[in-house]
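Subject: Structure for you to look through

Hello,

Here is the structure I promised to pass on to you. Please open it first, and then read my notes with the structure beside you.

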Amino acid sequence: MLEEFTEKINIAFKKLRGLATINEKNINEPLRDLKRVLLEADVNYKVVKSLMEQVQKKSLGQEVIRSITPGQQVIKIFYDELKKILGNSTSEFIMRPNNPMTVMIVGLQGSGKTTLCVKLSHYARKKGRKPSIIAADPYRPAAAKQLEIMGKATNIPVFSRITEDLILSTKENIEDAKKSGYDIIIMDTAGRLHIDEEMMDELVELKQEVVPDEILLVTDGMTGQDAVKTAVEFQKKLDFTGIVITKLDGDAKGGAALSMSAVTGKPIKFIGIGEKLGDIEVFHPDRFASRILGMGDIISLVEKAEHATDRERELQKKLKLDNFTFQDFYDQIQQLKKMGPIQQILEMIPFGGKSLKGLKIDDKQFVKIEALINSMTKEERENPRIINGNRKKRIAKGSGTNIEDVNRLLKQFIQMQKMLKNFSRFGLKKFGKMQTLFGGI
Ligand SMILES: Nc1nc2c(ncn2[C@@H]2O[C@H](COP(=O)(O)OP(=O)(O)OP(=O)(O)O)[C@@H](O)[C@H]2O)c(=O)[nH]1
Ligand SMILES: [Mg+2]
């Protein structure tokens, strides 16, 4: 699918991948290449323009993330923007159980409406629904015949009684289908070579009378920007609920798929990727973007790094380096416990620009510390200096430890407080001692 696009975009990415720094000068050429690839794929020029502006702005303003190259980061920015123009998140085709649902399929002649009716029925049946199709093309008797044949071949019931009055016969067919227990009722409407008033009026009337739950516009992915223009016209008149782009398996360049949602403001719900029954896919902007970029590995790498950076920020915010109290320490332990194995978390914290990789900390070491802090009063936690002999005895008893444990913790805590204070000045080397501190408890 869109192999040519993927190939060209990868050539353009090559220049980006190696960049060790990003500045206005060196990013210009790779971005120009990317822009050219999009335009050659027949993506709407306005969509290309705004996408590339965003990529440039974000690439130059990006915060550097350790462990990935700036070039990889730009690829991820491009991916994120692409995902946005594709609709960002999946727009579900919702099928409610125990509630008959009507779906109206519209589109130009030969776009793939009838094929979609059958594919969608197959999809619904796999999800445990009971689909049926209604012929709603009064102009070509062959259309109803085609549906009947396809329905028979796939074992999907077709209601094809059509009279002079299309609205009336469609409503009757829907009633019949409902009475027979079908819960996904799909209407195959007539296609025209071009959009014309009469056709639109008929569809608008059908929509008003039947009030379908979904109206899916089928567009031919091979026709590029023409498909987008058609979609805009349909949207003005009919305000459909979702788009289906067909024939993306062939030589489609990608322009339709890549601009459709941004131009119409409507979600792509399915794509057609072949003539067979199962050649239908729910459209997921993220998966589609990563598939056509062929960059799944880089994207997940950057996502992980970004995620780690977010967690670092959160931890750093919580970690008060001046006046660190037992209460803070306790909160940190709770926080760390929620986040996962402490060893892993600490590895991600950038102390003095370096991580704490190599530091051996066992989760069990925290259990004793936790018990000791648990036995302290609020004042003791905030101001450990008040912990005298009597208090020590009480804490030891309460935590099932002994005075030595309390003394050790106090000594180590005071050392740690000092260390945290000096931390930003001295960096990681001093902090390496933390291992010894925890190790002793
Ligand atoms: N390769 C490919 N062919 C498709 C796809 N969807 C439909 N087709 C083919 O496109 C042709 C037209 O499909 P139809 O489903 O008959 O189109 P239609 O919109 O119902 O056409 P009219 O009823 O005449 O307006 C058929 O030969 C289908 O097999 C697809 O996703 N991929
Ligand atoms: Mg048809």
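This is a predicted model: local features need pLDDT of at least 70, side-chain atom pairs count only at pLDDT 80 or more; totals for chains, interfaces and linings use all residues.

The whole chain

The protein chain is built with 20 helices and eight strands, and of its 441 residues, 35% are buried. If you take the contacts in the protein chain between residues at least 6 apart in sequence, 74% of them join residues that are at least 24 apart.

I would begin with helix α10, which covers residues 255-264 and is mostly covered, since eight of its 10 residues are buried. Which residues of α10 are buried? They are G255, A256, A257, L258, S259, M260, S261 and V263. These buried residues of α10 pack against several elements, namely the helices α3 (45-61), α4 and α9 (225-238), together with the strands β5 (214-220), β6 (242-246) and β7 (268-272). Just after α10 comes G265, where phi is positive, at about 75 degrees.

One of these partners, α9, can be described in more detail. The axes of α9 and α10 come within 9 Å and cross at roughly 25 degrees; an angle under 35 degrees counts as roughly parallel, and therefore α9 and α10 are roughly parallel to each other. Their crossing is right-handed. On the α9 side, the residues that meet α10 are Q225, A227, V228, A231, V232 and Q235, and on the α10 side they are G255, A256, S259, M260, V263 and T264. By class, this contact of α9 with α10 has seven nonpolar residues, five polar residues and no charged ones.

Is D226 buried or partly exposed? It counts as partly exposed, because it has 15 C-beta neighbours inside 10 Å, whereas a buried residue would need 20 or more. In sequence D226 and A256 are 30 residues apart, while in space their C-alpha atoms are 8.1 Å apart.

Helices α4 and α11

A second pair of helices is α4 (residues 70-85) and α11 (residues 285-293), whose axes come within 9 Å and cross at roughly 130 degrees. The contact of α4 with α11 is made up of five nonpolar, one polar and two charged residues.

The ligand

There are 19 residues around ligand 1, and those that come nearest are G112, T114, T115, G191 and G272. Which helix gives the most to the shell around ligand 1? Helix α5 (residues 113-126) does, with three residues. Sorted by class, the shell around ligand 1 has 12 polar residues, five charged and two nonpolar.

Some single residues

N88 has a positive phi, near 70 degrees, in a residue other than glycine, and N88 lies in the loop between α4 and β1 (101-107). K247, which is not a glycine either, has a positive phi of about 60 degrees, and the place of K247 is in the loop between β6 and α10. N88 is partly exposed, because 14 other C-beta atoms lie within 10 Å, whereas K247 is buried, because 24 other C-beta atoms lie within 10 Å.

F324 is partly exposed, as 19 other C-beta atoms lie within 10 Å, and the limit for a buried residue is 20 or more. F324 and I414 are 90 residues apart along the chain, and their C-alpha atoms are separated by 9.4 Å.

With best wishes

Technical notes. Residues are numbered from 1 along each chain as its sequence is written. Chains are lettered from A and ligands numbered from 1 in the order in which they are written. A residue is near a molecule or strand if its C-beta atom, placed from the backbone, lies within 6 Å of it. Helices (H or I, at least four residues) and strands (E, at least two) are DSSP runs, numbered from the N terminus. Ala, Val, Leu, Ile, Met, Phe, Trp, Tyr, Cys and Pro count as nonpolar, Asp, Glu, Lys and Arg as charged, and the others, Gly among them, as polar. Axes are lines fitted to C-alpha atoms, for helices over the stretch in contact, and angles run from 0 to 180 degrees between N-to-C directions. A residue is buried if 20 or more other C-beta atoms lie within 10 Å of its own, exposed if 12 or fewer, and partly exposed in between; C-beta atoms are placed from the backbone. Two residues are in contact if their C-beta atoms, placed from the backbone, lie within 7 Å. Angles under 35 degrees count as roughly parallel, over 145 as roughly antiparallel, 65 to 115 as roughly perpendicular and the rest as oblique. A crossing is left-handed if the near helix is turned anticlockwise from the far one by less than a right angle, and right-handed if clockwise.
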